[in-house]
Amino acid sequence: MAAPTMIGPPPMSYREGAPSTSMQAVPMPAGFHSTPAMAMPRITVQYPQVGAILTSARGHYEVQSVVGSGEFGAVYECVGPFDQVYAVKMIRPANRPYGEVHAEWAREVQRLMLLRHPNVVFIYDAFEENFLYYLALERCDHPLTAMLGHPMQEGLVIELARQLLAAVQFLHDNDIVHDDLHPGNVLISHADRPIVKISDFGISHELRGAPAIRPNVVHHKIMAPEVVAAGYTSKQSDLYQVGLLLYWMLTGTPALALELPYQELIRQVGGGEPRRRAEQIGTPLGHLIAKMLRRREVYRYTSAREVWADLRALPAWQNRDLFRAK
Ligand SMILES: Nc1ncnc2c1ncn2[C@@H]1O[C@H](COP(=O)(O)OP(=O)(O)OP(=O)(O)O)[C@@H](O)[C@H]1O
């Protein structure tokens with residue numbers, strides 16, 4: 001697949017979409033100025049409907065249904081080349097300039113093409129049609145969200161954590177911070193065991209050797225304390241987000257209530273509420289999760305590999321019946 005390049009008409013912005021509600025732009029520090037908005041010609045785009053045919057250089061994709069839609073994307077189940085089922089993701093323009101949408105698509109395509117790993121969603125194809133940008137991905141069965149709501153058995157939590165951590169270690173070895181590890185972005189496929197596939201690299205960052213980076217956009221519900229306190233994100237922030245996922249899987253409830261007002265959310269993250277709740281679980285796994293949720297990064301695990309070294313030593317893993325190594 002060719003690397004994405006700028007194609008299509010000159011700069012313009014889209015007319016559609018709803019404003020962001022759960023994601024927030026990080027405020028600029030004093031001394032930085034955003035570029036004043038330029039008057040740009042606007043184009044009106046039409047989202048694909050069921051039955052529509054999308055065309056790429058590789059063939060046609062017939063839209064069967066809408067799998068779901070998020071802030072900056074909509075995902076369609078399609079039957080495409082070789083009669084295979086795909087999850088075709090459209091980058092939702094959300095009234096942004098054309099160049100910005102293109103750049104987000106190009107970044108995500110490039111990341112997915114480079115980051116081939118059994119626990120990272122597989123990309124087959126990427127194309128543009130009628131000013132809209134698409135990625136054809138492997139179709140997974142459901143997001144992790146569908147498995148939450150009831151406490152999971154420790155053995156299952158650890159098996160999912162094992163795969164999640166393997167993917168996170170792989171990203172970190174490639175100097176990428178994902179930064180958006182919420183349950184909708186952790187996809188599950190079922191084979192002889194549930195297979196984890198990390199997706200959505202829309203706001204991921206390349207560290208380029210730096211220990212941390214200042215994100216432009218953050219997802220409120222999964223902000224690590226260093227994002228709240230100092231506005232930067234690092235590999236440890238990803239491990240904090242994995243800690244939030246493990247807490248949710250183990251207890252059936254999120255460490256931070258879903259409907260918290262923003263100020264209260266900030267207070268709880270800054271006050272170390274998630275870690276306190278994890279400690280209250282009162283089991284070795286609870287204590288391990290509490291360490292992932294420490295407020296200061298220096299007290300957290302230094303790598304996904306290190307988390308796994310502790311996880312695999314737990315009796316729930318050592319004495320498991322399910323998920324034996326093959
Ligand atoms: N490859 C895939 N296979 C199956 N379902 C998918 C796939 N990719 C995404 N989905 C599902 O489609 C829905 C929309 O995904 P999308 O990435 O657009 O938004 P999101 O992750 O829910 O939110 P946000 O964009 O705010 O992070 C989600 O429920 C997601 O789990």
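How are α2 and α8 oriented to each other: roughly parallel or roughly antiparallel? Some notes on that and on a few other spots, bearing in mind that this is a predicted model.

1. **The α2/α8 pair.** Let's start with the angle. Helix α2 (residues 154–173) and helix α8 (residues 304–311) have axes that cross at roughly 155 degrees and come within 8 Å. Angles over 145 degrees count as roughly antiparallel, and α2 and α8 are therefore roughly antiparallel to each other. As for hand, the α2 and α8 crossing is left-handed.

2. **Who makes that contact.** From α2, the residues involved are Ile-158, Ala-161, Arg-162, Leu-165, Val-168, Gln-169 and Asp-173. On the α8 side they are Ala-304, Arg-305, Val-307, Trp-308 and Leu-311. Sorted by class, the contact between α2 and α8 comes out at 8 nonpolar, 1 polar and 3 charged residues. On the spacing you can see along both helices: an α-helix has 3.6 residues a turn, so residues three or four places apart point the same way.

3. **Helix α7.** Also worth a look is α7 (residues 284–292), whose buried residues are Leu-285, Gly-286, Leu-288, Ile-289, Ala-290 and Met-292. These buried residues pack against α2 and α8, and also against α4 (235–251) and α6 (273–281). That ties α7 to both members of the pair in the points above.

4. An unreviewed UniProt entry puts a "binding site" feature at Lys-89. Lys-89 sits in strand β7 (residues 84–91). Is Lys-89 buried or exposed? With a relative accessible area of 9%, Lys-89 is buried; the cut-off for that is under 20%. Setting aside neighbours within four places in sequence, Lys-89 is in contact with Ala-74, Val-75, Glu-108, Tyr-133, Tyr-134, Leu-135, Leu-137 and Asp-200.

5. Over residues 61–317 the chain is 38% helix and 24% strand.

6. **The chain overall.** The protein chain has 9 helices and 17 strands. Of its 326 residues, 49% are buried. Contacts reach well along the sequence too: taking those between residues at least 6 apart, 65% join residues at least 24 apart.

Notes: Residues numbered from 1 in each chain as written. Predicted model: local features only at pLDDT ≥ 70, side-chain atom pairs only at ≥ 80, totals over all residues. Heavy atoms only, no water. Helix = DSSP H or I, 4+ residues; strand = E, 2+ residues; numbered from the N terminus. Axes fitted to C-alpha atoms, helices over the stretch in contact; angles between N-to-C directions. Parallel < 35°, antiparallel > 145°, perpendicular 65-115°, else oblique. Left-handed = near helix turned anticlockwise from the far one by under 90°. Contact = heavy atoms within 4.5 Å. Nonpolar A, V, L, I, M, F, W, Y, C, P; charged D, E, K, R; others polar. UniProt positions renumbered as here; feature names shortened; annotations may be inferred. Buried < 20%, exposed > 50% of the residue type's maximum accessible area, 1.4 Å probe, protein only.
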